[in-house]
Amino acid sequence: MKFLYETQRLLMKVLDGKYANDVLYFYLSNREIFEHYEAERPENFYTKDYQQRILNYEYNLFIKQNAVRFWIYEKTDPSHIIGTVCFRDIIRTIYQCCEIGYKFDQLSWHHGYACEALSKSLEIAFFEMRLHRITARIMPENTSSIRLVERVGFHLEGIARECAFIGGTWQDHLVYSILQHDNLSS
């Protein structure tokens with residue numbers, strides 16, 4: 001795998017701790033939106049030091065191929081993060097699977113960037129990482145995310161009841177999946 005990929009309009013990079021300020025700005029700019037769909041953050045999450053440690057940790061996971069996080073930039077503005085796509089909980093052996101997570105800056109919505117980035121990420125996961133199955137968990141009210149995964153070829157499998165503690169309560173999530181051969185036909 002490479003540290004940098006390109007699509008028609010985007011750059012997708014694996015980052016290390018040197019980019020902590022950029023990542024912190026991305027999270028701070030979208031804090032209210034992201035926190036609605038994610039677990040409670042540690043007290044020091046919105047600090048450069050915390051982001052630097054997480055970036056270095058994720059960089060090491062990438063080297064070991066245990067997880068991959070791409071940070072997404074527009075080619076026309078290669079210094080401003082507009083999103084991230086992550087493959088986590090990679091299981092090899094007989095499963096060859098993982099979960100996908102993603103988030104995009106609210107100012108980049110409705111431009112097709114998320115679809116473009118997910119499509120390229122799936123190509124990398126299936127043909128370079130040799131994964132067979134990728135799962136996405138989405139809160140039922142997150143209709144934009146549901147439309148996105150369906151557009152790139154994911155299929156609804158069912159509901160994971162009370163699978164994540166978000167906003168102080170256990171939240172149900174819809175479970176979507178895509179298989180390598182699904183991706184070939186989409």
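Predicted model: local features only at pLDDT ≥ 70, side-chain atom pairs only at ≥ 80, totals over all residues.
Is K18 buried or exposed? K18 is exposed, at a relative accessible area of 68%.

K18 has a charged partner. Its side chain forms a salt bridge with D16, and the closest N and O atoms are 3.3 Å apart. D16 itself is buried, with a relative accessible area of 18%. The cut-off for buried is under 20%, so D16 falls in that class.

Some background for anyone new to this. Side chains of opposite charge can pair when their charged atoms come close. In this model the count comes to 12 salt bridges.

Next is E6 with K75. Their salt bridge has its closest N and O atoms 3.0 Å apart. The two residues belong to distant parts of the chain, 69 residues apart. E6 is in strand β1, residues 4-6, while K75 is in the loop between β3 (68-74) and β4 (77-91). E6 is partly exposed, with a relative accessible area of 48%. K75 also counts as partly exposed, at 32% relative accessibility.

Then E157 and R133. These side chains meet in a salt bridge at 2.8 Å, N to O. E157 lies in strand β7, residues 155-166, and R133 lies in strand β6, residues 133-138, so the pair ties together parts that are 24 residues apart in sequence. E157 is partly exposed at 43% relative accessibility, and R133 is partly exposed with a relative accessible area of 25%.

Key. Residues numbered from 1 in each chain as written. Heavy atoms only, no water. Salt bridge = Lys/Arg side-chain N within 4 Å of Asp/Glu carboxyl O. Helix = DSSP H or I, 4+ residues; strand = E, 2+ residues; numbered from the N terminus. Buried < 20%, exposed > 50% of the residue type's maximum accessible area, 1.4 Å probe, protein only.
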